[in-house]
Amino acid sequence: MSTIHAEEAGAAKAVPVRTAPHASMWRQSLRRLLKNKLAMLGFAVVAFMFAACFIGPLFSPYTDNKINMAVMNNAPSLKHWLGTDALGRDVLARVLLAGRISLTVGLASMVLSVFVGTLLGVIAGYYRGVVDQLVMRLADLLLTIPSLPLLFIFGALLSEWKVPTDYRMYIVMLMLSIVGWPGLARMVRGQMLSLREREYMQATVVLGLRDRRKLFNHLLPNLVPLIIVIATFNIGGAILSESVLSYFGLGVMAPTPTWGNMIDAANNMIDFQDHPWLWIPPGFSIFATVIAINIFGDGLRDVLDPKQKR
Amino acid sequence: MSNVLEIEHLSTHFHTEEGVVRAVDDVGLQVRQGEIVCIVGESGSGKSITAMSVMGLVEGPAGRVAGGRIAFDGIDLLKLGRNELRTIRGNEIAMIFQEPMTSLNPVLKIGEQLMEPLIEHRKMSKKAARKRAIELIGEVGISRAEQIADSYPHELSGGMLQRIMIAIAISCEPKLLIADEPTTALDVTIQAQILDMLRRFKEESGMSILLITHDLGVVAEMADYVVVMYAGKVVEEGEVVALFENPQHPYTKGLLKSKPIINQRQDELYSIPGQVPNPLELTPSCYFHDRCAYCMDICRTQQPVLKDAGNGQKVACWLNEEVTPV
């Protein structure tokens, strides 16, 4: 699809244009988004976080996570910008490495839950009937169980089964998407129920189009703005949930650093009072990232919501 | 000439909480090859539902085609499976809707929407389909075809969109085109152009058109054969000239009388008194009886059937029965 759009956009440019430039919905939205200062601030923070976490560690000499008893619990200094932890590891390097994990988990579980949620929501909303009942009751079931206890149970099971720590990250992603898809599926289904009754859908019936074409060529593009917005919020939520899980020692395990388990490691009176550099950086990272993602998501929603005219 | 479409005893019912609505009740009509048949009637007379029944657009759980036969080229559409029906729709039977503004998907470019039936039914490649789509845009009288193909529906006017709808409808050269009030949402100058275009395509390709309208001006201009519907039943049908010159049914007479005549001042335009009856409260009677100036006792208790009235016309009215049953 995207390549066609690109080609056609190119073709449109070549034709002499009589009125305003050919403004596709996407280009209009982008222009409006660029004007929204708060959203752009959010985007800048998120972009900075990504850049710092994925590129930053390349410039740090301390990424090997080596224990160094000589520099235990040092306060921030020129050598260690954010100090060192109880095992003498550089906190800045660990925060950035932890960010890699947290952001990856957030993104990956978002992608997975958006994929599953959209697919199931589209199918349920379009076909209704038995399929709808099955999918939505399953979603309801997952929604009625508070997600944190559910995640805790999953996490405890993982520890019980002695899942190797390397794999835990991937399983945490899966867990987060399992609790993430039902909300999305619900929204998508609701939207589908309304879209499928539109006149242009009746027109596709009259044209004798296949269901596959109706679903993915006609209905899905109408859902894309909704999905983008939910997906954005979803990343924030997933990062938060992952931090909570890791904080309770049920997510990604030490020595792999994540923002959650770094705070957990500093979870005692001494560290809290005497070594604030151990918990403020990861805490602030979670806070800043999630807030920034939500602000950006808000901006996206304002821009992409077709009901809002300006 | 052979019949492209034959509808026999078609009944389409809607099951509502208040009861069964017989939106289309025992309707029959034929469309011959290369002919334009108009269904006329006021709102709620069942003319659109008739068209939707042909297209299989009457959907459950409430609506259901309760009986009858809809034969297209001798094939009963009501007996076809989903897939067989799909290969006929858009390919051999096409349809144009009343509202061009809402009949196109707002997020897809005009060109993409034109290409779809070509790719689906004609198995064209994307490239060939796009080329044909641009030709079609030109054929319906829109210049800058290339640029229009890359536009979104909201960037075009209603008249242009209806032309695009026609382009989509004729893209696979259908044998039958169903046009459900194609000009109602358009302004008068555009109406004539759209109708002209439909007639031109009909003459070029020899397709048949089933035109649904409440506008007698459109009927006079377009139709070969007219079917007048009232409260879900056919009350009169006939060749257009005969029917306009010599309407038999009081309802048809009323319809023709309530049309303003150009160059002739009238103090007050005639209108048929009363309203279409509530479809839930119909009893065996002539459904027009409470609005009819010639209402007799029998009209209130028995339903007239459609009978030959000479001159190629058929009419369902007790006034035309030679022997009035007691």
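Predicted model: local features only at pLDDT ≥ 70, side-chain atom pairs only at ≥ 80, totals over all residues.
Residues are numbered from 1 along each chain as its sequence is written, chains are lettered from A and ligands numbered from 1 in the order in which they are written, and side-chain values use heavy atoms, with hydrogens and water left out.

So what is chain A built from? It has 12 helices and 0 strands. Helices here are DSSP runs of H or I with at least four residues, strands are E runs of at least two, and both are numbered from the N terminus. Of the 310 residues in chain A, 44% are buried, meaning under 20% relative accessible area with a 1.4 Å probe, protein chains only.

Now the interface. On chain A, 29 residues are in contact with 38 residues of chain B. Together the two chains bury about 3,100 Å², 51% of it on carbon and sulfur atoms; that's the accessible area (1.4 Å probe) the two parts lose on being put together, summed over both.

How many salt bridges cross the interface of chain A and chain B? The rule finds 4, a salt bridge being a side-chain nitrogen of Lys or Arg within 4 Å of a carboxyl oxygen of Asp or Glu. One of the pairs forming a salt bridge is B:Glu120 with A:Arg210, whose closest N and O atoms are 2.7 Å apart. On the side of chain A that touches chain B, the elements giving two or more residues are helix H1 (2-14), helix H8 (199-206) and helix H9 (211-247).

Let's zoom in on one residue: A:Asn222, found in helix H9 of chain A. Is A:Asn222 buried or exposed? It's buried, because its relative accessible area is 16%. Leaving out residues up to four places away in sequence, A:Asn222 touches A:Leu195, A:Tyr200, B:Asn105, B:Pro106 and B:Val107.

Finally, hop over to helix H4 of chain B, residues 126-139. With 14 residues at 1.5 Å a residue, H4 should span 20 Å, and its end C-alpha atoms are 20 Å apart, which agrees; the expected span is 1.5 Å times one less than the number of residues. Buried residues of H4(B) include B:Arg130 and B:Arg132. Just after H4(B), B:Gly141 takes a positive phi of about 80°.

Terms used
Contact = heavy atoms within 4.5 Å. Buried < 20%, exposed > 50% of the residue type's maximum accessible area, 1.4 Å probe, protein only.
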